[in-house]
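Q: I would like to go through this model with you. Could we begin with the overall fold and then turn to individual residues?

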Amino acid sequence: MQGKSAINVQLNAVLKSQLTAINQFFLHARMAKNWGLEKLNGQEYKYSIKAMKQADVLIERILFFGGLPNLQSLGRLMIGEDVPEVLSNELATAQTIRTELAAVIQFCEQEQDYVSRDLLSEILEETEEQIDWFETQQWLIENSGLQNYLQSMV
């Protein structure tokens, strides 16, 4: 089915963010594992797999419209050097994705592409859950101390 090229451009922009997030979450997961923080590793790894599945859905939608998914374009990875910086960078990435998703959802609404809008709304909901988790982790560090937090992630 030939879709509007403007929608494919927007979907490819969201795909770029998801591909970037996959790499960032995955690297942070392996860093946490290396630091002995198994719970943080597990959560980060889960988020990288979720981003991969979201990217897969976007790829299928772009192909459905007769477009070509751009898997070569990645954004800048924001890699943390310690746990607070990792969490801060993950939060910033998720917030950027949320902002982008909201704009593309609105665009799809204007273009009357309700299937893409609903698909992106599901991704937005999952992204907001991730934001909540990262904010909670930052709150835990602030209120229990970094050492106690790290101990809880072992």
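Q: How many helices and strands does the protein have?
A: The protein has five helices and zero strands. Helices (H or I, at least four residues) and strands (E, at least two) are DSSP runs, numbered from the N terminus. From the N terminus on, the order is α-α-α-α-α.

Q: What should I know about the origin of the model and the numbering?
A: This is a predicted model, in which local features need pLDDT of at least 70 and side-chain atom pairs count only at pLDDT 80 or more, while totals for chains, interfaces and linings use all residues. Residues are numbered from 1 along each chain as its sequence is written, and side-chain values use heavy atoms, with hydrogens and water left out.

Q: What box do the C-alpha atoms fill?
A: Along the principal axes, the C-alpha atoms of the protein fill a box of roughly 55 × 25 × 20 Å.

Q: And what share of the residues is buried?
A: Of the 154 residues, 42% count as buried. Buried means under 20% relative accessible area, exposed means over 50%, and partly exposed lies in between (1.4 Å probe, protein chains only). The accessible surface of the protein is about 8,300 Å², and 52% of this belongs to carbon and sulfur atoms. Such areas come from the Shrake-Rupley method with a 1.4 Å probe; for residues, only the protein chains shown count as cover.

Q: Which residues touch the most other members of the largest nonpolar core?
A: They are Leu-40, Leu-58, Leu-87, Leu-120 and Tyr-149, in a core of 38 residues. At least two core residues come from each of α1 (5-34), α2 (38-64), α3 (83-110), α4 (114-144) and α5 (146-153). The most come from α3, with 10 residues. A nonpolar core is a set of buried Ala, Val, Leu, Ile, Met, Phe, Trp, Tyr and Cys residues joined through side-chain atoms within 4.5 Å.

Q: What does Leu-58 contact, leaving aside its neighbours within four places in sequence?
A: Leu-58 is in contact with Leu-11, Val-14, Leu-15, Gln-18, Leu-119, Leu-120 and Ile-123 on that basis. Contact means heavy atoms within 4.5 Å.

Q: Changing topic to α4: which of its residues are buried?
A: The list includes Ser-116, Leu-119, Leu-120, Ile-123, Leu-124, Thr-127 and Trp-133. Their cover includes α1, α2, α3 and α5.

Q: Is Gln-112 buried or exposed?
A: Gln-112 counts as exposed because its relative accessibility is 58%.

Q: Why does Asn-12 count as buried?
A: Asn-12 counts as buried because its relative accessibility is 17%. This residue is in helix α1. Not counting residues up to four places away in sequence, Asn-12 touches Ile-62, Leu-68, Pro-69 and Asn-70.

Q: And Ser-48, buried or exposed?
A: Ser-48 is buried, with a relative accessible area of 2%. Ser-48 lies in helix α2. Leaving aside neighbours within four places in sequence, Ser-48 is in contact with Ile-22, Phe-25 and Phe-26.

Q: Lastly, where does Leu-74 lie?
A: Leu-74 lies in the loop between α2 and α3. At 43% relative accessibility, Leu-74 counts as partly exposed. Apart from neighbours within four places in sequence, Leu-74 is in contact with Lys-16, Leu-19, Thr-20 and Asn-23.
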